[in-house]
Amino acid sequence: MARTANDSLKRAAITLVMLVTAKAYSAKSQTSPLAPFAIQRRDVGPSDVQIEILYCGVCHSDLNQVRNEWHNTTYPCVPGHEIVGRVVKAGREVKKFKEGDVAAVGCMVDSCRTCASCQAGDEQFCEHFPVLTYNGEDKQLGGITYGGYSESIVVDEGFVLKVSENLNLAAVAPLLCAGITTYSPLRHWKIRKGQKVGIVGLGGLGHMGVKFANAFGAHVVLFTTSPNKTTDALRLGAHEVVVSKNETEMKNHLNSFDFILDAVSAQHDVNAYLELLKVDGTLTLVGAPEHPLPVASFPLLIKRRRFAGSIIGGIRETQEMLDFCAEHGIIADIELIQIQQINNAYERLLKSDVKYRFVIDMASLKTEATTQG
Ligand code: NAP
Ligand code: ZN
Ligand code: ZN
């Protein structure tokens, strides 16, 4: 009896782990460059879709994770959470997608779906932690999840987004992280016409922040350490540009902002920005530098200012953001690269030298011979 039960469990397990090999790029350790690697994806389950990945954006978080800067990376690490592709297979219970549809995946591929946050559509705050697209716990295969620097991915349709075919799909990819990460806090803090909004750092997140804040009607001021980005910032939707190293320029804006979104990837002085907020103004951090950022008490106390944070957005809000972008013709400004250029792209990210998001053309992976690690 026990053996029969055991045998059926084994059979069930084998059925569950029908695997499909996919080419990918991975890092073997925190000091290794990304290199070709073969990974296993599960075959589609009843509510899964298999997506052939066409484009994957390169987020600064990919670099942080690959280099273990948040001290939680499991290797090999296949990053990538700005994924746009085409559905090549849909499970029998899938309702939203059919073969041939354009589909997208962002930073999460699953969550508990039952806690209060999941029920409220805020899967990013799942009390059991959402399953991240890479370096998350793979509930089906064991081990960790592998991200979008890969030719295909299999995801439950509940975590797959619909994308308008009318937009440039390569430039849609960054919306899946940089887009939602800036859209969500600007919506949460109800940014609107008549408000003065600052965006700090003109990188992948920052340039989307400028576009959204402008689209929501705010007066937008971009803070940058790169004076050569001024013309671009104005073209992207900023009304003013401040070079943050210039103290006089900074002083001109003291006590004047309703809201500031800080999208800087490295150490910097947040107190200088707190002082620019007016009474009850909010500085929201979306950047995730490796080390803590010291906050002085007085800039907070004296005008009842708030220092907050925000992380990506829920699935419902991500779809809302994609629909908003389709309606308003908003996409990212990108540099399309081949996967073979990824290590160089990371070095350029560290020099704030990207205009304004690298996106990998995943067709370049097809020519790679991958070996299983
Ligand atoms: P990115 O494209 O590399 O842009 C970061 C920008 O920060 C740079 O372009 C630069 O802008 C500015 N910067 C860089 N070093 C600086 C320094 N030492 N001092 C001041 N400014 C500096 O990065 P990203 O992909 O937009 O990501 C930004 C941050 O957000 C990263 O920490 C990433 O991990 C994090 N992130 C968070 C979430 C979330 O959900 N909260 C989601 C995605 C990413 P200027 O040249 O204009 O100064
Ligand atoms: Zn990201
Ligand atoms: Zn949950």
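## Asp333, a loop residue

Asp333 lies in the loop between helix 11 (315–328) and strand 16 (334–338). Helices (H or I, at least four residues) and strands (E, at least two) are DSSP runs, numbered from the N terminus. This is a predicted model, where local features need pLDDT of at least 70, side-chain atom pairs count only at pLDDT 80 or more, and totals for chains, interfaces and linings use all residues. Residues are numbered from 1 along each chain as its sequence is written, chains are lettered from A and ligands numbered from 1 in the order in which they are written, and side-chain values use heavy atoms, leaving out hydrogens and water.

Is Asp333 buried or exposed? Asp333 counts as buried because its relative accessibility is 18%. Buried means under 20% relative accessible area, exposed over 50%, and partly exposed in between (1.4 Å probe, protein chains only).

Asp333 touches His207, Lys211, Arg235, Leu236, Lys355, Tyr356 and Arg357, not counting residues up to four places away in sequence. Contact means heavy atoms within 4.5 Å.

## Helix 5 against helix 6

Helix 5 (residues 178–188) meets helix 6 (residues 204–215). Their axes come within 8 Å and cross at roughly 45 degrees. Helix 5 is therefore oblique to helix 6. Axes are lines fitted to C-alpha atoms, for helices over the stretch in contact, and angles run from 0 to 180 degrees between N-to-C directions. Angles under 35 degrees count as roughly parallel, over 145 as roughly antiparallel, 65 to 115 as roughly perpendicular and the rest as oblique.

Helix 5 brings Ala178, Gly179, Thr181, Thr182, Tyr183 and Leu186. Helix 6 brings Gly204, Leu205, Met208, Gly209, Phe212 and Ala213.

## Helix 5 against helix 11

Helix 5 also packs with helix 11, at an angle of about 100 degrees with axes 10 Å apart. So helix 5 is roughly perpendicular to helix 11. On helix 5, the contact uses Gly179, Ile180, Tyr183, Ser184 and Arg187. On helix 11, it uses Glu317, Thr318, Glu320, Met321 and Phe324.

## Thr145, another loop residue

Thr145 sits in the loop between strand 7 (131–132) and strand 8 (152–156). Thr145 counts as buried because its relative accessibility is 7%.
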